[in-house]
Amino acid sequence: MLHEATIHKVIERGLARGADFAEVFVEDSDSAAIDLLDRKIDRIASGNTFGVGVRLLFGDEVHYGYSSDAAEEALLELTANLARSGRERQAGAPAPFRAEPVADPHRVSIAPEGVAKTERVELLREVDRLTRSHGEAIRQVGAGLAEKRRSILIANSEGLWREQSQRYSRIRLSAIAEQGDGPQTGMESPGVLGGYEFFRELDLKKLAAGAAESALRMAGAGYIAGGVMPVVLGNGFGGVIFHEACGHPLETEAIRKNASPFVGKLGQPVAQPILTAIDDGTLANRWGSIPIDDEGEPGRRTVLIERGILRSYLSDRLGARQVGVPRTGSARRESYKFAPVSRMRNTYIGPGPNTLEEMIASIALGLYAKKMGGGSVNPATGEFNFAVQEGYAIRGGKLAEPVRGATLIGKGFEVLPRISMIGTDLELAAGMCGAASGWVPTTVGQPSLKIDSILVGGR
Amino acid sequence: MPVADPVAFVLALAREHREPEADVLLARDQHLTVKVLNGRVENVEQATALGLGIRVVREGRSGVAFTERLEPEALERAFRAAQENAPLLDPTEVVLARDLPAVADPETLGLFNPELEALGVEE
């Protein structure tokens with residue numbers, strides 16, 4: 001992607017100007033997206049992203065620059081500019097590069113380039129037809145395919161030289177149903193770290209039914225009366241609350257700034273012994289997996305909370321150094337336009353001993369939040385507010401009527417100890433996570449679980 | 001090697017392929033960001049990004065593609081992708097308003113202070 005001699009000169013120039021660490025990140029990615037809306041193919045876009053990121057560390061100061069002009073003179077000038085604002089130090093010499101192969105266990109059996117775009121267009125039209133077949137109350141359908149090949153090269157002043165190429169495939173479907181009292185949306189958006197085989201193997205009927213039936217059930221629903229009550233959170237995307245309210249505060253990017261309720265809590269109980277939470281970058285073909293992170297460290301499995309005890313943060317090079325913890329291979333960035341910081345990969349709460357029926361049966365009056373929607377969180381305090389996309393009242397230990405408009409409100413570290421039952425039905429769901437280093441593919445997940453008490457917003 | 005005039009290069013391709021309508025957008029972005037935390041410089045970011053977008057319009061169907069590489073092969077690849085995308089779209093119905101209001105001259109809006117160009121990174 002870029003000559004070794006050029007990269008060596010860039011790193012050498014960074015060190016010569018006083019940086020104690022220099023890194024070059026080269027990206028050459030292709031992306032393609034096709035969107036359908038209102039029965040029409042609305043957008044088809046293809047693109048190539050190419051550029052070079054240069055990172056210099058002066059102690060805890062990060063000087064980051066990038067350029068889509070990969071000419072040697074342009075990169076050397078960029079590096080000199082970055083170093084100009086750093087503190088003067090004794091110059092070191094870069095270590096010779098050691099090219100190390102990257103193990104890649106993620107299957108790609110159908111290369112997207114070999115598949116005609118017309119097949120993708122027909123797939124979207126079929127998804128539209130299947131979704132609308134659930135009844136005339138389905139008023140609108142939106143669907144999209146997104147594919148990406150991301151090739152990166154990382155080299156640094158310690159001699160690291162690693163290259164990898166990954167493929168991502170994802171489909172998004174939203175169905176809007178209307179039955180009197182305003183529109184309601186049902187959504188599905190599975191994705192994999194893999195090739196076009198994902199789309200060929202996808203059960204389109206099941207995908208369409210998931211979005212359409214969820215929208216239809218909520219379109220006919222009433223409202224729940226708000227208050228503090230027990231809640232059963234559904235499996236899969238329900239894990240978004242843990243991701244936002246606990247996962248982000250466990251990143252060293254928050255810990256190093258003292259902006260997390262988990263600062264100084266390593267080794268301490270933060271949840272009941274029933275709860276184990278993991279962030280795993282190694283799961284085969286999972287959307288959030290990374291053979292190596294964006295600093296070149298191998299992606300790995302990190303146990304965050306083990307039987308209720310906080311065991312680890314998620315760290316990048318700088319965060320690990322500042323917080324004094326080992327690196328976890330969690331440095332990530334959207335593209336060469338971002339310096340890497342600690343981010344989640346596939347984050348989930350592990351399975352427990354309970355069934356969903358047991359959890360429902362243990363509640364006299366509460367809410368079953370089967371599917372979660374969007375929300376917001378303050379990572380410094382862990383305060384969150386999430387909409388329930390598909391919810392049901394629980395009355396007398398049984399599932400009762402569907403309810404709409406519910407929100408879950410709380411603080412992550414306060415809610416964690418109130419998780420008292422965890423199901424066997426672990427499921428993972430693909431998402432995009434936005435933070436300081438841009439948008440990266442992440443997986444959230446959990447089994448169904450019971451929170452003994454949480455504030456539910458309603459009417 | 002990047003081509004000297006990528007816009008002219010792509011428009012020449014469009015003429016060569018007898019595309020009835022094509023447009024090209026070349027964008028160049030430069031920025032400098034300095035972040036300070038607890039009284040200390042924590043982060044300095046300096047960047048230059050180039051990108052070229054291509055739109056090919058055929059019978060109301062707009063195929064688009066972009067590239068951040070400006071070598072001839074990359075520009076040709078992006079152009080072919082835009083060409084390939086256009087016929088797959090459903091036509092867009094566009095109703096243009098008549099007598100559009102005049103666009104203000106950007107110079108008169110005071111959106112940019114040219115004195116900032118003279119500031120160095122150290123400052």
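1. In helix H6 of chain A, the buried residues are A:Val240, A:Ile241, A:Phe242, A:His243, A:Glu244, A:Ala245, A:Cys246 and A:Gly247. The model is predicted. Helix H6 spans residues 240-247, and eight of its eight residues are buried, so the rest of the structure largely encloses this helix. Buried here means under 20% relative accessible area.

2. Next, a helix pair in chain A. Two packed helices are described by the angle between their axes and the distance between the axes. Helix H3 (residues 117-132) packs against helix H5 (residues 204-219) at an angle of about 50°. Their axes lie 9 Å apart. H3(A) and H5(A) are therefore oblique to each other. The crossing of H3(A) past H5(A) is right-handed.

3. Which residues make this contact? H3(A) contributes A:Leu123, A:Glu126, A:Val127, A:Leu130 and A:Thr131. From H5(A) come A:Leu204, A:Lys205, A:Leu207, A:Ala208 and A:Ala212. By class, the contact of H3(A) with H5(A) has seven nonpolar residues, one polar and two charged. An α-helix has 3.6 residues a turn, so residues three or four places apart point the same way.

4. Chain B has a strand pair to check. Strand S1 (residues 21-37) and strand S2 (residues 40-58) of chain B pair in the antiparallel sense, over 17 bridges. Within this pairing, B:Arg28 stands opposite B:Leu50 of S2(B).

5. How many residues lie between S1(B) and S2(B) in their hairpin? There are two. B:Asn38, in the turn, has a positive phi of about 50°.

Note on methods. Residues are numbered from 1 along each chain as its sequence is written. Chains are lettered from A and ligands numbered from 1 in the order in which they are written. This is a predicted model: local features need pLDDT of at least 70, side-chain atom pairs count only at pLDDT 80 or more; totals for chains, interfaces and linings use all residues. Side-chain values use heavy atoms; hydrogens and water are left out. Buried means under 20% relative accessible area, exposed over 50%, partly exposed in between (1.4 Å probe, protein chains only). Helices (H or I, at least four residues) and strands (E, at least two) are DSSP runs, numbered from the N terminus. Axes are lines fitted to C-alpha atoms, for helices over the stretch in contact, and angles run from 0 to 180 degrees between N-to-C directions. Angles under 35 degrees count as roughly parallel, over 145 as roughly antiparallel, 65 to 115 as roughly perpendicular and the rest as oblique. A crossing is left-handed if the near helix is turned anticlockwise from the far one by less than a right angle, and right-handed if clockwise. Contact means heavy atoms within 4.5 Å. Ala, Val, Leu, Ile, Met, Phe, Trp, Tyr, Cys and Pro count as nonpolar, Asp, Glu, Lys and Arg as charged, and the others, Gly among them, as polar. Two strands pair if DSSP finds at least two bridges between them.
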